[in-house]
Amino acid sequence: MAGRIFQVVECLAEADGVSHTARTFATLLGADGVEPDIATLYASPALRGEATPLESIVWQPGDAIVVHVWGPSRLESLLQSFRGPRAIYFHNITPPEFFPAGSASHRETRAGWEQLPRLAELADIWLAPSAFNLAALAEHVRCRRPQHVIPPVVDTTEERARAADPAHVEALRSRGEVNVLFVGRLAPNKAQDQVMEVFEHYHSRINARSRLHLVGNGSGNPLYVRSLAGLRARLAARDAIELPGKVSDQALAAYYRTADLFLCLSEHEGFCLPPLTAAAHGIPVIARAAAALPETIGPAAVLVHAYDPARIAELVHLLLEEQPLRERLQAAARAHLTRFTPSAVRTAWWPALAALRQ
Amino acid sequence: MAKGPSSPDEVFLSGPFEPDEVERLLGLIDERLRLRVSQAPPVASERRSGVRGEATAASEPAVLDPLATVTGDGLRALAAPLFNQDRGGPLGRSARRLLNLPLRLFGKPQAYFNDVLRTLVSAWSDLLRGLLDGQAVLEHELSEQRRMLDALAARVDELHERLDQLPASRPSSGEPA
């Protein structure tokens, strides 16, 4: 009898990208022998029904583990002591250079990159949501292991059916403005300051009836958040720039439902789900051609290869103005998103699962 | 996927479009930018250095803002008490390297002092920058409050006017007409 396969996540929480990916995989791969419960050191109260405390598991011969890695991990000892097949799923780690020296984020990301070679050597298989991540891993580690790209699921039907807060939808539509959206935690590598600068050009020179929504948690990088608030206060478009912080799932669905354009100028992303979610909603996406973005959203977006706020603002205007362009993008997005359907992702898992069972 | 040059040897955008389409988009973008030149100048680029504290784009202004440049990295570039070996021609560099030899030996206390000073100034610079950001936020909030107060005052005036225009109240049914 084949052993069990556990996904292991250090901390399982709501509105967290790594947890979301692991939970989607758990649901998707039940029929393929992956345990429906995710092994964790900690699970938030709302998700305890989907989690099994790591210390309560009695390992059996033939069991295998897939450990999610996204920063410094307390799961190194598990990888060391575990006797069965081990895989790591590398979500990537933001390079510490993006954060001020001495800050908590700088320390954490540096610790993550320092630990990564040890985790990679302990694993038998390397998995990642993008080839970019696998290349980054290989560049950082001397050893080599079998590698598989397994993207997260982006289910267009499910995304469009997601319940949106009606009051929020109404509030976002009532002004009759162009809504420009970016979703992601407030962090220097996500370059929300540059999104603001582009919007400043668009709002003050092209279309004053517009609003920028920078949705995302700001608790991780207080220095950057404070700088963003300072920058916003100095911009002419300040009254049209909203920083609502972390929002509920229903409010987030409202933002996607009412957005006219998604603008992503991230300089470092290991995958970046929000632009794909936006594409699933039929929203035109402009993204920076940096890190994993050309691979993950590139075929479904307009990629900008140089940071020029005035020209990007004109590009935003062109996309909003020309319906045929948007239709071309939507058609490209429909084709690209077939890579991320539940069945496609499940198929992508099979070689890795077969290797874990050997 | 087609890519379009924004200048003869630079790619600005790419997308799921034909090369002709990308060329058209780039032409439109540049044409519209030219047309907007007469409008108010943008406010963006000089603020970047204060936001992320990283190396800024080549398009940054040549005139340096002291608050933006007095950072840890900027101060560390000052070589004192040693001579800066990276400046000048080959002869000058060699001379500075030679002059630095005794300074390295006997200038340790001064070097230590300078290092501590750099750290302190850098920390004060961060603090000042933070205070300026905070002040900008407060100024913005203050202007918001002022605007709200103005709107409320206008509304009160409007209501006063309406009250003045109201007819005198009718007598109740129990009173004689």
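Modeller: Happy to! A charge sits over a ring if NZ of Lys or CZ of Arg is within 6 Å of the ring centre and within 35 degrees of the ring normal. The charged end of Arg311(A) meets this for Phe12(B), at 4.4 Å from the ring centre. This is a predicted model, where local features need pLDDT of at least 70 and side-chain atom pairs count only at pLDDT 80 or more, while totals for chains, interfaces and linings use all residues. Side-chain values use heavy atoms, without hydrogens and water, residues are numbered from 1 along each chain, and chains are lettered from A in the order written.

Biologist: What makes Phe6(A) and Trp59(A) an edge-to-face pair?

Modeller: Rings of Phe, Tyr and Trp (its six-membered ring) pair if their centres lie within 6.5 Å; planes under 30 degrees apart are stacked, over 60 edge-to-face, the rest tilted. Here the centres are 5.4 Å apart and the planes at 85 degrees, hence edge-to-face.

Biologist: Why is the pair of Phe182(A) and Phe262(A) called tilted?

Modeller: Their centres are 5.7 Å apart and their planes at 50 degrees, so the pair is tilted.

Biologist: How do you know whether Phe6(A) is buried or exposed?

Modeller: Buried means under 20% relative accessible area, exposed over 50%, partly exposed in between (1.4 Å probe, protein chains only). Phe6(A) has 3%, so Phe6(A) is buried. Trp59(A), at 30%, is partly exposed. Phe182(A) is buried at 0%, and Phe262(A) is buried at 0% too.
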